[in-house]
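Q: I am new to this structure and would like a close look at how its chain packs together. Could you take me through it in a friendly way?

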Amino acid sequence: MDSEAFFRPAGVLVDSGNGDGQAYEVFDPTPATASVWATTMQHGAPPAALLVRAMEALVSEGSRISRVTVDLLGVVPITRTRVRARVVRPGRTICLVAAEMDCQGEDGSYRTVAKAQAWALATSDTTEFARDLSHALPPAADAQGSVPDFFAHLKDQGFLGACEWRFVDRPDLPDGADGPRQCWIRARIPLVDGERPSPLVQVFSVIDAANGVAAYLDPTRVTWMNLDMTVHLHRSPQPVDGWVGVIADQLVGGEGIGTTASRIHDASGAFAVGAQTLLVAAR
């Protein structure tokens, strides 16, 4: 992987046209952000992580993000990108923050390509009542499990090539049976050049890939793209060496609409539940 990060900082921009004079952080995406569907568009994970990075910076001490929703408003091109975040609903116990991402077009103007919101809640000690009945995910092993066909011809390009993948087989399933797929993922590179990503940013740098991990569809016959991503976190994530575990399944109906549902893990167990809306179409 030639890229040293998913994004390179490109300064700060104050856009007087937005009416409030608020500053944007500006970035240049690298080829590592490229989607599996086209080398000219970004995969959903790096933009989501950049939005989370901006929102996390507004969360006060003693609170943490409990839910993130990212909406992809269209194709996210690999062009100069700007991001800004703001507090929508301030509060010491419950706070709502939001962020938006704009990408530059050929004429130099910016178009909003993604928006995000996050609830930040005040923390307290509820160890006595803690409970999670999620299925355990075996630890990442040196031996690679069965890799879905989806990854066969894509694993060395763009975003997929910028990450490490450790698929975990399901010995509990009968031979030939299908079920939720299990995988550990970590980014080989940081989100922003020169920065050490926070645990939450590490998670969002890869978690949009649950849609690919869960894929059972044949990419030569079908396309499927997620329009959004929602993650509910019931505890703070602590990725070990950046590894994030996913147990994910695709639920597809007969009308071209589906959902990817996932449980998200670190070495201590599940810490979040995720969902992505899918647009499914035959080629």
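What percentage of the contacts in the protein with a separation of 6 or more is accounted for by residues 24 or more positions apart?

A: Residues 24 or more positions apart account for 68% of those contacts, counted among pairs with a separation of 6 or more; contact means heavy atoms within 4.5 Å.

Before going further, a word on where the values come from. This is a predicted model, in which local features need pLDDT of at least 70 and side-chain atom pairs count only at pLDDT 80 or more, while totals for chains, interfaces and linings use all residues. Residues are numbered from 1 along each chain as its sequence is written, and side-chain values use heavy atoms, with hydrogens and water left out.

Now the overall picture. The protein has four helices and 13 strands; these are DSSP runs numbered from the N terminus, with helices being H or I of at least four residues and strands being E of at least two. Its radius of gyration is 19 Å, close to the 19 Å from the globule rule for 283 residues, so the protein is as compact as a globular protein of that length. That radius is taken over C-alpha atoms, and the rule is 2.2 Å times the number of residues to the power 0.38. The C-alpha trace spans about 60 × 50 × 40 Å along its principal axes.

Of the 283 residues, 47% count as buried. Here buried means under 20% relative accessible area, exposed over 50%, and partly exposed in between, with a 1.4 Å probe and protein chains only.

Let us step inside. The largest nonpolar core holds 60 residues, of which M55, W165, I185, F204 and I207 touch the most other members. Helix 1 (residues 45–56) gives the largest share of this core, eight residues. A second, separate core has six residues, including L217, V222, W224 and L278. Such a core is a set of buried Ala, Val, Leu, Ile, Met, Phe, Trp, Tyr and Cys residues joined through side-chain atoms within 4.5 Å. Leaving out residues up to four places away in sequence, M55 touches V68, A85, V97, A98, A99, A116, Q117 and A118.

Some single residues show how parts of the chain meet. S63 is in strand 3 (residues 63–72), and it counts as buried because its relative accessibility is 17%. Beyond residues up to four places away in sequence, S63 touches R92, L121, A122 and T123.

Y24 sits in strand 2 (residues 23–29) and, at 2% relative accessibility, counts as buried. Y24 and M101 are 77 residues apart in sequence, with their C-alpha atoms 9.3 Å apart in space.

I189 belongs to the loop between strand 8 (181–187) and helix 3 (199–204), and its relative accessible area of 11% makes I189 buried. With residues up to four places away in sequence not counted, I189 touches S3, E4, A5, F6, A32 and A162.

R166, in strand 7 (residues 163–168), is partly exposed, with a relative accessible area of 24%. The C-alpha atoms of R166 and V213 are separated by 10 Å, and the two residues are 47 apart along the chain. D241 is exposed at 61% relative accessible area, in the loop between strand 10 (228–233) and strand 11 (244–252). The phi of D241 is near 55°, a positive value in a residue other than glycine.
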